[in-house]
Amino acid sequence: MRRLFPPAEGSAEDRAWDLTELADAYAYPAAAPGWLRANMVSSADGAAHHGGRSRPLSGPADMRIFGVLRALADVVIVGAETVREEGYRPARRREEFAERREAAGQRPVPPIAVVSAGLRLDYSLPLFAEAAEPTLILTGEKAPRSGLRAAEAAGARIVFAGPEAHVDPARIKPALAALGHTRLLTEGGPRLLGGLTGAGVLDELCLAISPRVAVGTAPRVMSGPKTEVPQEFRLAGLLEESGFLFCRYQRAPQASHAAE
């Protein structure tokens with residue numbers, strides 16, 4: 001692992017980083033009252049997945065960072081389609097991060113929060129049946145009653161984030177903050193991430209660029225209606241290992257928009 005940006009003495013040395021170093025590099029901003037971070041992987045030609053799954057684009061370093069980002073988060077937000085496609089499982093307890101999470105006032109593992117309007121989910125899956133922390137369902141107040149009953153019967157916790165059946169992306173952060181979750185991580189997929197970004201609530205994008213080319217018709221890491229103007233993010237960090245680039249982009253201060 002090499003740190004390419006921001007530069008620091010000795011940081012360009014290509015060596016193994018331990019989990020503490022990675023956790024320090026990806027620590028949430030201390031002063032942020034609520035911070036929504038996304039973690040996505042993309043092929044070199046812009047594909048968000050290959051054959052419906054992100055794993056073919058990933059690698060050992062990407063999976064280490066994936067685990068670290070989960071270990072730092074209060075909650076992990078994911079779209080229902082991604083849950084189905086990726087065969088999502090609950091987050092697991094990591095002894096390496098137990099003391100760090102306790103010191104931060106966090107539960108031993110972050111719950112998974114599934115964004116779903118139709119609630120067409122398989123509640124027999126490990127994500128619900130084997131979760132150490134109850135899986136959250138982010139949905140709208142007019143979601144199907146039968147789906148709400150099935151989710152609750154499976155032990156999931158319902159969190160409303162919108163007055164209609166669909167979820168209002170702008171209401172996800174305050175809905176989770178009301179439960180004490182302010183260090184937020186989303187793992188997509190592209191439609192969910194596009195909605196969050198379009199609503200102006202994404203604070204940080206952690207993007208792993210894989211040294212692989214997928215071709216095909218897979219979407220980009222974000223999809224949805226185009227924004228009126230491109231949103232401005234700034235490069236906050238850049239790491240490299242085995243040809244993978246690990247980029248951290250953070251929303252540019254509002255002052256920069258006013259100056260344009």
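Let me start with two residues: Glu-204 is buried, and so is Arg-248. Buried means under 20% relative accessible area, exposed means over 50%, and partly exposed is in between, using a 1.4 Å probe and protein chains only.

A word on the source. This is a predicted model, where local features need pLDDT of at least 70, side-chain atom pairs count only at pLDDT 80 or more, and totals for chains, interfaces and linings use all residues. Residues are numbered from 1 along each chain as its sequence is written, and side-chain values use heavy atoms, with hydrogens and water left out.

The topic today is salt bridges, meaning a side-chain nitrogen of Lys or Arg within 4 Å of a carboxyl oxygen of Asp or Glu. The whole structure has 16 of them.

Back to Glu-204. Its salt bridge with Arg-248 has the closest N and O atoms 3.0 Å apart. Glu-204 sits in strand 8 and Arg-248 in strand 10 (residues 244-251), 44 residues apart. Strands here are DSSP runs of E, at least two residues, numbered from the N terminus.

Glu-204 also forms a salt bridge with Arg-37, at 3.1 Å between the closest N and O atoms. Arg-37 is in strand 2 (residues 35-42) and Glu-204 in strand 8 (residues 204-209), so this pair ties together parts 167 residues apart in sequence. Arg-37 is buried, as is Glu-204. Arg-37, Glu-204 and Arg-248 are therefore listed as a network of salt bridges.

Last, Glu-240 and Arg-2 meet in a salt bridge at 2.9 Å, N to O. Glu-240 is in strand 9 (residues 233-241) and Arg-2 in strand 1 (residues 2-5), 238 residues apart. Glu-240 counts as buried, at 11% relative accessibility, while Arg-2 is partly exposed at 28%.

Terms used
Helix = DSSP H or I, 4+ residues; strand = E, 2+ residues; numbered from the N terminus.
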